[in-house]
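Have the model open as you read.

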Amino acid sequence: MALIQIAEPGQSTTAHQHRLAVGIDLGTTNSLVATVRSGEVDTLPDAEGSHLLPSVVHYGEDGILVGEQALQYSVSDPLNTIVSVKRFMGRGIEDINTDDAHHSYHFAKTDSSVPRIKTRSGNVSAIEVSAEILKALKKRAVATLGDELSGAVITVPAYFDDAQRQATKDAARLAGIKVLRLLNEPTAAAVAYGLDTGNEGVIAVYDLGGGTFDISILRLNKGVFEVLATGGNSSLGGDDFDYEITRWILQQVKQQHPELAEFDTPEIKRLIMQQARRAKEALADVDEAAIELELNGIQWQGSLDREQLKQLLTPLVKKTLMSCRRALRDAGVGNDDIREVVMVGGSTRTLLVREMVADFFSCELLTGIDPDKVVATGAALQADVLVGNKPEDEMLLLDVIPLSLGIETMGGLVEKIIHRNTAIPTAKAQDFTTYKDGQTAMAVHVLQGERELVTDCRSLARFELRGFPPQVAGAARIRVTFQVDADGLLIVSAREENSGVEASVDVKPSYGLSDSEVETMLRDSIEHAEEDMHLRSLREQQVEADRVLEALDSALAVDGEQLLSADEMSAIQAARQQLADVKQGDDVEAIKQAIKQLESTCEDYVARRMNSNIKSAMQGHSIEEYASGPESTAEAEES
Ligand code: ADP
Ligand code: MG
């Protein structure tokens, strides 16, 4: 997040002073560079005419190779040939599963929290590897256009968190590239199709690349894109298609050649995977593809057809559709509301993907622009605007908050203040009050997540509002304001309205939160919804019970003796004891009943207190007011 994608009028320079700016799609599998020349946007090819630069870096005996040349070594020298490094951008050691079949190179054991890959040229970080890819693209741009590079718009998956975005910026800095802006990949694709100048309405961007899946729901309104919701899966893509096919090939080979026991060397895995990918890609154009392998001197021949491919890949494509369903729900729109679906990423060439996506949204798919080039194209258009070549243009794209933000309330509950997928910038306030008589401070605990309990959410910050004047419980008016600015920076402030006492704290909401953590947190909130609901109402009733008991005790201490007969007193004490007992258990209904019972036992007493002129700690409040119904969240009221 943390992006407001806008062409600031102040950045515009004179129109005829053209400056070289490029858009870079730094992909997991392939990277591209594009630019606007004489009003035309296109990706730039290398000397051999190839637009795609494989995102592969080889650390060889004679130096570093990038792209197609590096890819040549992926089978013969996998340990020094780094593929799919984007998966490790901005990740810590603990995020990396070393048994992961996704890579065949090794991570070094170091004390540093930044993981480093072992190569013959020493240990390298994901940032350094990415910088090599960016350097190659920069070189290509400068060689083709013969000009200095003013800057670049680099795209990142919508799911990238702050650490991953920062890592991308660091890689650019290492490569000597000025980053004009990081742009979400799906957003770039929508810009490439010029949807910003088209009819208003809701569109979806379905991006299935080599390693990641992103779905974004955008609404175009008066020439402005608003991101209604984003979702996806950071470890699902064409590579996973390849693994499925590889598994299927291995199964057959092993059946026919049990003597080939050792299949798990990186070289053999890569070799089969290459064939799997080749066959998969061929099936975009033909019905059946031949597979030929030579393993330890044994020849193996087989074939893959579209029907078999469908069987292998349907579960994976279904997974992407589940993410789509969730994004639609988050956006508050139905399948029928989607006017167009922009198809992005090489994997959308697989016909099965197109069929299932068209079926799901039952609307037109936009496939006119090469799905490989569409992201770089949009980034180049945006770069052209940002560098000031197009002073007239205005493209405003809003971003959203990935997980809800809230504060802790009594009973360890989370009160959400800004809900997930709210467009930023945004500000919201909510009023809270004190729980106890004479309270002069309140702790504010800021949390992020979808779950009901504090322990299940991520703690972002804590601060205290101190030094407001003592008042009776419920009289203080504490307004807590959450403000998220255009860069995604959160500021939480609290103000006691009667006295004007204030405190605030700056919070970085998504710092260090990996996208898989976001995924897990979302999944948990769905899985635990029912259990959470129960816990929530239990905690609420327990808080209510405590409140009633405290109010009663302080009232009794003041005038119990004077206003109550011995019988009345013992009836009230019995009802009080009953509530104190059931409050310990987990029976929500029983607690509710006991509160009711105590309230009705106290009815006369409360009436007598109101009539008498005795000043009490309850100061004109009835006990019912303290023990309000279970549906109100006791101390939090929406403002
Ligand atoms: P990324 O954004 O992760 O860099 P790309 O958008 O370049 O990825 O897509 C790469 C993926 O697209 C690879 O898994 C590749 O096998 C797949 N792909 C490329 N061409 C085809 C095709 N003709 N049919 C199916 N998949 C394809
Ligand atoms: Mg991509």
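A crossing is called left-handed if the near helix is turned anticlockwise from the far one by less than a right angle, and right-handed if clockwise. H6 passes H8 in a right-handed crossing, while the crossing of H12 and H13 is left-handed.

Before going on, a word on the ground rules. This is a predicted model, with local features needing pLDDT of at least 70 and side-chain atom pairs counting only at pLDDT 80 or more, while totals for chains, interfaces and linings use all residues. Residues are numbered from 1 along each chain as its sequence is written, chains are lettered from A and ligands numbered from 1 in the order in which they are written, and side-chain values use heavy atoms, with hydrogens and water left out.

**Helix pairs**

Helices here are DSSP runs (H or I, at least four residues), numbered from the N terminus. Axes are lines fitted to C-alpha atoms over the stretch in contact, and angles run from 0 to 180 degrees between N-to-C directions. The axes of H6 and H8 (residues 306-331) come within 10 Å and cross at roughly 135 degrees. H12 (residues 529-563) and H13 (residues 566-582) pack at about 165 degrees, axes 11 Å apart, so H12 is roughly antiparallel to H13 (over 145 degrees).

**Around ligand 1**

What surrounds ligand 1? There are 18 residues (a heavy atom within 4 Å), and Thr29, Gly210, Lys280, Glu281 and Gly346 are the closest. Polar contacts (N or O pairs within 3.5 Å) include these:

| Residue | Its atom | Ligand 1 atom | Distance |
|---|---|---|---|
| Thr28 | polar backbone atom | oxygen | 3.2 Å |
| Gly210 | backbone N or O | oxygen | 2.8 Å |
| Arg349 | side-chain N or O | nitrogen | 3.2 Å |

The protein covers 91% of the 580 Å² of accessible area (Shrake-Rupley, 1.4 Å probe) that ligand 1 has on its own. H7 (266-282) gives the most to the shell, with 3 residues.

Technical notes:
A polar contact is a pair of N or O atoms within 3.5 Å; within protein, one must be able to donate a hydrogen and the other to accept it, and residues adjacent in sequence count only if both atoms are side-chain atoms. Helices (H or I, at least four residues) and strands (E, at least two) are DSSP runs, numbered from the N terminus. Angles under 35 degrees count as roughly parallel, over 145 as roughly antiparallel, 65 to 115 as roughly perpendicular and the rest as oblique.
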